[in-house]
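These are my notebook entries on a single structure. I set down each item as I looked it up.

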Amino acid sequence: MNKLWRLGNRLSKWGGVPRKISRLLELMNHLICACSVSIDAEIGDGTVFYHRGIGCVVHPKAVIGKDCKIFQSVTIGSKWSKANCLGEAPHIGNNVMIGAGAVILGAISIGDNSIIGANAVVTHSVPANSLALGVPATIKKL
């Protein structure tokens, strides 16, 4: 998933025909890996989607830092409203671990070196070096 996405992401920035090819790569990634990671999302070097990113959804406006570890079935997206479901997306710092099934929604930030627990629902910003667990997520310092 990672190499196919990175190629599509680079091509998408050129526009025109490369943009169309990048969209095709995004769709292939969706079919092969059963995930929906937008080619327009910014994902830092060294970030890994474990288990081929199966079930992961990443919003086109999402920003994910370097060296993050993202497990299966993670959603990183905007909050939905009747008027618009393409609102602002989360900004995730460097060296963040996001556990399986976690949901991170809205115009929030996740600080560097934080951990988002499995199945946590995060709708508020998480400071650096913190642990977010539960539904809704409660935040604890590491």
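I count two strands as paired if DSSP finds at least two bridges between them. Helices (H or I, at least four residues) and strands (E, at least two) are DSSP runs, numbered from the N terminus. The model is predicted, so I note that local features need pLDDT of at least 70 and side-chain atom pairs count only at pLDDT 80 or more, while totals for chains, interfaces and linings use all residues. Residues are numbered from 1 along each chain as its sequence is written, and side-chain values use heavy atoms, with hydrogens and water left out.

Entry 2, the open sheet. I looked up how β2 is placed. It is joined by 2 bridges to strand β5 (residues 63-64), and the two run parallel. Across this pairing, Ile-43 stands opposite Ile-64 of β5. I then followed the sheet itself: 4 strands form an open sheet with parallel pairing, in the order β2-β5-β8-β11. Its edge strands, β2 (42-43) and β11 (109-110), each pair on one side only.

I use the term for a set of buried Ala, Val, Leu, Ile, Met, Phe, Trp, Tyr and Cys residues joined through side-chain atoms within 4.5 Å. Buried means under 20% relative accessible area, exposed over 50%, and partly exposed in between (1.4 Å probe, protein chains only). The largest such core has 27 residues, and among those with the most contacts inside it are Ile-64, Ile-92 and Ile-110. Which residues does Ile-110 contact, leaving aside its neighbours within four places in sequence? I found His-91, Ile-92, Gly-93, Val-96, Ile-104, Ile-116, Val-122 and Val-126, where contact means heavy atoms within 4.5 Å.

I checked the length of α2 (residues 16-33) first. Its 18 residues, at 1.5 Å a residue, should span 26 Å, and its end C-alpha atoms are 26 Å apart, which agrees; the expected span is 1.5 Å times one less than the number of residues. I then listed its buried residues: Ser-22, Leu-25, Glu-26, Asn-29 and Cys-33. Seen down the axis of α2, the buried residues fall within an arc of 105°, so they line one face of the helix. The arc is that of the directions from the helix axis to the C-beta atoms. An α-helix has 3.6 residues a turn, so residues three or four places apart point the same way. On the face turned away from the buried side of α2, I noted the exposed residues Val-17, Lys-20 and Leu-31. Ala-34 follows α2 and has a positive phi, near 55°.

How many does a search of the whole structure find? The search finds 1. It joins Glu-88 to Lys-61, with the closest N and O atoms 3.8 Å apart. Glu-88 lies in the loop between β7 (75-77) and β8 (91-92), and Lys-61 in the loop between β4 (57-58) and β5, so the pair ties together parts that are 27 residues apart in sequence. Glu-88 is partly exposed at a relative accessible area of 48%, and Lys-61 is partly exposed at 41%.

Strand β12 (residues 115-116) pairs with β14 in the parallel sense over 2 bridges, and Ile-115 stands opposite Leu-131. Strand β15 (residues 138-141) pairs with β14 in the antiparallel sense over 4 bridges; there, Ile-139 is the bridge partner of Ala-132. In the hairpin of β14 and β15, with 4 residues between the strands, Gly-134 takes a positive phi near 100°. Pro-136 lies in the loop between these strands, and the peptide bond from Val-135 to Pro-136 is cis, with omega near -15°.

I noted a positive phi, near 60°, at Arg-52, in the loop between β3 and β4. Asn-95 also has a positive phi near 60° and is found in the loop between β8 and β9 (97-98). Gly-46 lies in the loop between β2 and β3 (48-49); not counting residues up to four places away in sequence, it touches Arg-6, Asp-67 and Cys-68.

Key: Salt bridge = Lys/Arg side-chain N within 4 Å of Asp/Glu carboxyl O.
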